[in-house]
Amino acid sequence: MPEENITVNAVRDSFRESLAGASTLQELDEIRVKFTGKKGSLTQLLRSLGKLPPEQRKSTGQEVNTLRDEIEHELDQAGKRIRDAENEKQEISQRIDVTLPAHGRTSGAFHPVLQTMHEIADIMQGLGYSVASGPEVEEDYYNFECLNVPPWHPARDMQDTFYFADGTLLRTHTSPVQIRSMLKYGAPLRIVCPGKVYRRDNDTTHSPMFNQMEGLLVDKNVPFSVMKGTMSEMLNAFFGKSLRYRFRASYFPFTEPSMELDIECVECSGHDEHCRVCHGTGWLEVVGMGMVHPNVIRAGKIDPDEYNGFAFGIGLDRMAMLKYGIGDLRLLFDGNVSYFMSGFGGAEKC
Amino acid sequence: MLISWELLKNFIDIEPLNLTPEELAERLTFSGSEVESITYTAGKMKGVVAAKINALEAHSKDAKYSIAHLDTGTGIHVCVTSAKNMKKGDNVFYAGEGAILPDGTELGTRDFHGVMSYGMMLSAEELGLHDVDDPSGLLILPNDARPGDKAESLYHVGDVILDVSITPNRGDLLSLLGMAREIKGLYPKSTLKTPEWLRPLKQDKEWSEEFGKISLPDKGCYAYRLGLATGAKISDSPLTAKIDLAHLGMRPINNAVDVTNYVMLMLGQPLHAFDLNTLPAREITVRAAHEGEHMMTLDGKDRALTERDMLITSGGEAIALAGVMGGEQTGINDDTNTIVIESASFSPVRVGHTSRRLGINSEAAFRFSRTVDPALSKSALMAATTLIRDWCGTVVDYKPLSAENDIHEPKPVTLTRKKLSVYLSWDNMNEAAKILDGFGISQVKDNGDSRVFMPPSSRPDITIEEDLIEEIGRFRGYNETEERLPGEMPKRADIGDSMRLSAFVRNTLIPRGYTEVLTYSFLPEDFPEKLRLNPDDIRAKPLTISNPISRDQMSMRTTLLPGLLEGLKVSIASGWREPVRIFEQGRVFIMDGDSHTEPEHVAGLIFNGVDTRSPSGNRNEDFYSIKADIESLITSRGYRVDFVSGHENFMHAGQTANIFADGVKLGYAGRLKPAIEQELDVSGVYVFEIDVTNLTEARKPAFTPASSFPASFRDISLLVADTKSNDDVMKDIRQCVKDSGSDITLESLRLFDIYSGKGIPDGFRSLAYSLSYRSHTKTLTVEEVESLHNGVRESLKAKGYVVR
């Protein structure tokens, strides 16, 4: 028995030695012939089995078969390895410059104002506000009269208006949507109305068209403190940080009491007296708001003795300008792709 | 509204408050009257003093100049001037060597032909007092000026002016008196004062002049009063008054007119002074204008009137547009001797209507439309006559003539603890009553948790409980109130169809390389011509703004295309040479009979760029690139999309398609008309525009599993006339499979080759398709597939196709 074992082991050792020295497919073929060919050492080993006594034949036969499997497996493996190595040489010869420009289109860019509109609408949805909309060409009644601004009222001077020949007008705020929503849904109500509004104003800080989002909450016993909490939720979520803010008493015909909200300057937090955003005041006026005037609630066919609420209005353009650091309002509306792409790369910067 | 710190002291004792103008400004700003600026009128002035001209001589070498010897309180100074209006003994302002003028100019010495001049004597202009006096002469001071007194302490030269933005509800704040009352409310420890000229005046004499009746048939005139002053000498007003007027933004004119302006600024009551002898008749009637009546106003304009306008007439002739503007002929002139002062009270609604309609925003109209306290018409008239006496030397103790209609009396307003505590989360009723009292709103009834308050006649804006709450809120400030969210969980909120659709569009197109833009809703008047729209095209009849800022922003857009073309133009002009891909989503405005609709459109534009060179060869986009974008937009919303050859006047005649979603036409796509491209100096612009309203509903996708039986693939190649579209051919192939009656399905049909040229007759092309047949119930045999496919070939031949 020991003799035969030594023979099997000797063939294995010899095979491994040969294989270790092989580096081409041709050498591999030669090894295959040398061991498994008709005259190969493995074949001879098989043939020698017959000479063994019957009681050893079985166990030795198994060992030889195992060795044959091993040899075939290792030859296959070695073959793959060598082929892969040869392929890789060829692949390296096909090397490309991965820094060349991409084929096809690369991504475009969002408009900061519309992005802002969607962001704030999402935030407000989380606070339970639905989005309502209404026409941009509006009736005087919805835009002014039922908002407590009759035709003679000096508050009309606050909003210089574009008119059409039939007396309709381009809405000067999205407040008409508040009235339309109260009439449509009644109370309690939580809505925001984003959209374009128009005023007859054109200079460096005013555009005849701009974007606004107003909000309205109507319910029973609504306190000012809830409006305050809502404003800080909204603004903190939008700017992604906790901001200091302050309220100033103000006047709007459709709210009573009315106030304006200033936030700490998002650019300098009040630390730069030459700040280009707040001009050194440290504060930015961003929201006008107040408790809805009972006449307005009444115009919405809701009983002001039972319900009250608050309303607010934000300039989306201004919010976008603050968040995205845009200096000139007029850049927003001329469709210049170079400006919008500049925020994301676009043309290669040098 | 400009507020003078010095004049404020006439109405309120602010000294004990130890208040700076800046502190007052902050308090006013937070309580609702935003202070926009604070101006120190003396500016950088330093070392300017009053001086007396002790001696005056002509310059021996140049007669243009005079040499003055000035007593400046600290010695005699020599000063050369080219001014002519002074004489020996006059008092002037003198800025000596080293003194600094309000604008920062520092004075030195100057040699005038051998005479050294030390500093200079000043004109009003050099003191920063525009309009106060002739800028070419010296400002001659009254006799009471003492040499050596600092200029900034004399005649209100050194004042502090606050520019306060007054909200439209607070007409009462358009005067020093009103501001003083407001400050009293904000600082309860302060005390109000009454200036000397506002004290009652004995006026009991009958008029020395004939005067008939004042009649007020128009109830919009609440009260009308006339005061008489005889023996007037029209000249300049006292220097301090002139400086006050100038600081408050009014040009001094003459003593009589200045009195009316001064009283208006101090008390808020607009007044009018006229020469009694220029009145057409000795009577006054205030009546509504007749429809179509005309009047020439003081500004020389002919005004067409309506029944809502109110006229002041005399002898049937209109002399003023009530509360808005005077007429041309009754003004004060240098020879006026007998002055009549008008003090009236008008309906804010009526004055507001007239001034808004005619676009006249005079000081009077501005105040009347914001409500002037009706109680003022009496006291202001008395104050004005007192000042006329003082400034013009007239006799004024005549009893004023008056007529009155119903004057609106203030009505009581109730404040309840319940509402106060709901609104402000604070409910100290006693404290609240104290705050209101400070603003002159007095408690008239105390029922504990419900109290009744009477606003003063100067505060017609206080009519409901919320108004009282606002007074309390703005006094206390809003910054200390707690903050919280509504207690209960909100009902499910819906971001709404239009926001969802908008999010879908931008989430689809932006990753496909489009940049989102936002352009104006108004277009130039001539946009329909530029787009070559037929006159009867609905898009050629836009809504047109009656009062546009310019003709470039006049017509409401009926299509988004012009905005995108402008965006392309601006992009290229700004130096962008790469591909341009932009889209806009927004409303267009379509006339629909008497009314209009505002459908939501999406439009896109792609342009290969000014410089299309690329290391990877030509990768230009074309119709089929924009088609992919539209397909992506519509199919991923769950709709079947079809492109059918179409026509638009502004599009390429051979490369334009109409777009259909589930058979409904949404819009157009294709190449811009080359002539329009040329006008833009570009080539190869592809655009689309669709009405997305029909895509509002997002369809759910319906998934079908792949069949577990194998598919069989066959190709077919057809000779097709150029006039026949790929869609037509595919339709025919599908129809032929259907017509075969087989239960085998044509699972897919795909065009894989187009060929024309050698071997293909002119006007034809060869289209090759791959068909995939499959059964859901069994594995197909070769024979079954062959039999079906041959059948299809035969039926196509029968339809006239040449099968290759």
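Q: What is pLDDT, and what is its mean for chain B?
A: pLDDT is the predictor's confidence in each residue, on a scale from 0 to 100. The structure shown here is a predicted model. For chain B the mean pLDDT is 92, and 99% of the residues of that chain reach 70 or more. For the complex, the predictor gives an ipTM of 0.85 and a pTM of 0.85.

Q: How spread out is chain A?
A: One may compare the radius of gyration with the value that the globule rule gives for a chain of that length. Chain A has 11 helices and 9 strands. Its radius of gyration is 41 Å, well over the 20 Å that the rule gives for 350 residues, so chain A is more spread out than a compact globule. The C-alpha trace of chain A spans about 125 × 50 × 45 Å along its principal axes.

Q: What share of chain A is buried?
A: Of the 350 residues in chain A, 40% are buried. As for contacts in chain A between residues at least 6 apart in sequence, 66% join residues at least 24 apart.

Q: Which residues have the most contacts inside the largest nonpolar core?
A: This core has 152 residues, and those with the most contacts inside it are V218(A), L261(A), F310(A), L564(B), L605(B) and V687(B). Helix α8 of chain A, residues 224-239, gives the largest share of this core, with 7 residues. Apart from that core lies another, of 126 residues, including L24(B), L122(B), V160(B) and L271(B).

Q: Which residues does L564(B) touch?
A: Leaving aside residues up to four places away in sequence, L564(B) touches G335(A), as well as I582(B), E584(B), A603(B), L605(B) and V687(B).

Q: How many residues does each chain bring to the contact between chain A and chain B?
A: Chain B brings 81 residues and chain A brings 74 residues. On the side of chain B, the elements that give two or more residues include α2 (21-30), α6 (348-358), α14 (561-573) and β31 (580-587). By class, that side of chain B has 33 nonpolar, 28 polar and 20 charged residues.

Q: Which residues of α6(B) are buried, and what covers them?
A: A residue counts as buried if 20 or more other C-beta atoms lie within 10 Å of its own. In α6(B), the buried residues are P348(B), R350(B), V351(B), G352(B), H353(B), T354(B) and S355(B). Their cover includes strands β20 (310-314), β21 (317-321) and β23 (339-346), together with helix α7 (363-368), of chain B. Just after α6(B), G359(B) takes a positive phi of about 65°.

Q: Where is K411(B), and is this residue buried or exposed?
A: K411(B) sits in the loop between β24 (401-404) and β25 (413-416) of chain B. K411(B) counts as exposed because 10 C-beta neighbours lie inside 10 Å, and the cut-off for exposed is 12 or fewer. The C-alpha atoms of K411(B) and E209(B) are separated by 40 Å, and these residues are 202 residues apart along the chain.

Q: Which domains does the assignment give for chain B?
A: The assignment gives domain 1 (2-32 + 164-192), domain 2 (46-153), domain 3 (214-404), domain 4 (413-476), domain 5 (497-695) and domain 6 (712-803).

Q: How many residues of domain 1 of chain B are in contact with domain 4 of chain B?
A: In domain 1 of chain B, 11 residues are in contact with 8 residues of domain 4 of chain B. The side of domain 1 that touches domain 4 divides into 2 nonpolar, 5 polar and 4 charged residues. The centres of these two domains of chain B, taken over C-alpha atoms, are 20 Å apart.

How values were computed:
Residues are numbered from 1 along each chain as its sequence is written. Chains are lettered from A and ligands numbered from 1 in the order in which they are written. This is a predicted model: local features need pLDDT of at least 70, side-chain atom pairs count only at pLDDT 80 or more; totals for chains, interfaces and linings use all residues. A nonpolar core is a set of buried Ala, Val, Leu, Ile, Met, Phe, Trp, Tyr and Cys residues joined through C-beta atoms within 7 Å. Helices (H or I, at least four residues) and strands (E, at least two) are DSSP runs, numbered from the N terminus. Two residues are in contact if their C-beta atoms, placed from the backbone, lie within 7 Å. Ala, Val, Leu, Ile, Met, Phe, Trp, Tyr, Cys and Pro count as nonpolar, Asp, Glu, Lys and Arg as charged, and the others, Gly among them, as polar. The radius of gyration is taken over C-alpha atoms; the globule rule is 2.2 Å times the number of residues to the power 0.38. Domain bounds come from an automatic or database domain assignment.
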